[in-house]
Amino acid sequence: MGRSRPVYLNLFKIRLPLPGVVSIMHRASGALLFLLLPVLLFVLQLSLASEQGFAEVQGWFRLPLVKLLLIGVIWGYLHHFCMGLRYLALDLDIGVDLPQARFSSWLVLAVSIGATILTGAWLW
Amino acid sequence: MVKRIVSGAHYGLKDWLIQRVTAVVMAFYSLFLIGFFLTQPLTYASWNSLFYSLPVRLASLLFLFSVLIHAWVGMRDIFMDYIHPTFIRLTLHVAVILALMAYAAWAVQILWSVQ
């Protein structure tokens, strides 16, 4: 009480525990997806515009570098997705205690990375 | 009465709810799209006819609007936490709002020009 808000934190003095690490990854992936919105909209537009546009997009996605970038974006999406489900569970008072919160953080990492590897294998 | 200093004008609960409602919309749409990728061959014909159907078009528009609203709350929270100078922070807020409004119009244009 009585402290002036908002409170600013010095990020470099904080050593994060695992739930903190996956949380900051949630932020980072969210910011990345926001920055990529125009690219994603452009790709959607081109892929729907015409047969040639669709073929052009398919051609890009066959390039190894683009595939790698796409897999990175898919990881960002899946991490954000799984963390989102974790937060929704926390809102429902599921997994609030520390051991469960740590476990669900591992689970988010494992599921999102596992699903990314599966998707990557399917794409390649 | 308890005297306390609050920040902002009680937008917290509303934004909390908006962030979760849009998240649920996006989650269901994502599962729908994953289902399409897993069950349908990906060709121009299948891709185009998917987005030609009005229910899918409306669902896609709801999804994209959810993305934009969700992105606004998220980006604003990030800026509030890390960007301390007021002028720069508010400039970034305005830039994000304008970008998201442009994306909203763009999304309508993309979805409603599918033939």
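**Reading the model**

Reply: Leaving aside neighbours within four places in sequence, Q19(B) is in contact with I69(B), H70(B), V73(B) and G74(B). Keep in mind that this is a predicted model.

Me: In which element is Q19(B) found, and is Q19(B) buried or exposed?

Reply: Q19(B) belongs to helix 1 of chain B. Buried means under 20% relative accessible area. Q19(B) has a relative accessible area of 15%, so Q19(B) is buried.

Me: How should I read a nonpolar core?

Reply: In soluble globular proteins, nonpolar side chains tend to be buried together. Here the largest nonpolar core has 33 residues, and W47(B), F51(B) and L100(B) touch the most other members. Two or more residues each come from helix 1 (18–49) of chain A and, in chain B, from helix 1 (12–39), helix 2 (44–52), helix 3 (54–82) and helix 4 (86–112). Helix 3 of chain B contributes the most, ten residues.

Me: Which residues is F51(B) in contact with, leaving aside its neighbours within four places in sequence?

Reply: From chain A, L44(A) and L48(A); from chain B, Y29(B), V56(B), R57(B), S60(B), L111(B) and V114(B). There is also a second, separate core of six residues, among them V22(A), C82(A), M83(A) and L109(A).

Me: How do I read the faces of a helix?

Reply: An α-helix has 3.6 residues a turn, so residues three or four places apart point the same way. In helix 4 of chain A, the buried residues are A101(A), S104(A), S105(A), V108(A), L109(A), S112(A), T116(A) and G120(A). These buried residues pack against helix 1 and helix 3 (64–91) of chain A.

Me: What span should helix 4 of chain A have?

Reply: Helix 4 of chain A runs over residues 98–123, and at 1.5 Å a residue its 26 residues should span 38 Å. The end C-alpha atoms are 37 Å apart, which agrees.

Me: How do I read the interface, and how many residues does each chain give to the contact?

Reply: Chain B gives 39 residues and chain A gives 29. Between them the chains bury about 3000 Å², 72% of it on carbon and sulfur atoms. Two salt bridges link chain B and chain A. D91(A) forms a salt bridge with R20(B), with the closest N and O atoms 2.3 Å apart. Eight residue pairs are in polar contact across the interface.

Me: Which helix supplies the largest share of the side of chain B that touches chain A?

Reply: Helix 3 of chain B, with twelve residues.

Definitions and conventions:
Residues are numbered from 1 along each chain as its sequence is written. Chains are lettered from A and ligands numbered from 1 in the order in which they are written. This is a predicted model: local features need pLDDT of at least 70, side-chain atom pairs count only at pLDDT 80 or more; totals for chains, interfaces and linings use all residues. Side-chain values use heavy atoms; hydrogens and water are left out. A nonpolar core is a set of buried Ala, Val, Leu, Ile, Met, Phe, Trp, Tyr and Cys residues joined through side-chain atoms within 4.5 Å. Buried means under 20% relative accessible area, exposed over 50%, partly exposed in between (1.4 Å probe, protein chains only). Helices (H or I, at least four residues) and strands (E, at least two) are DSSP runs, numbered from the N terminus. Contact means heavy atoms within 4.5 Å. The expected span of a helix is 1.5 Å times one less than its number of residues. Buried area is the accessible area (1.4 Å probe) that two parts lose on being put together, summed over both. A salt bridge is a side-chain nitrogen of Lys or Arg within 4 Å of a carboxyl oxygen of Asp or Glu. A polar contact is a pair of N or O atoms within 3.5 Å; within protein, one must be able to donate a hydrogen and the other to accept it, and residues adjacent in sequence count only if both atoms are side-chain atoms.
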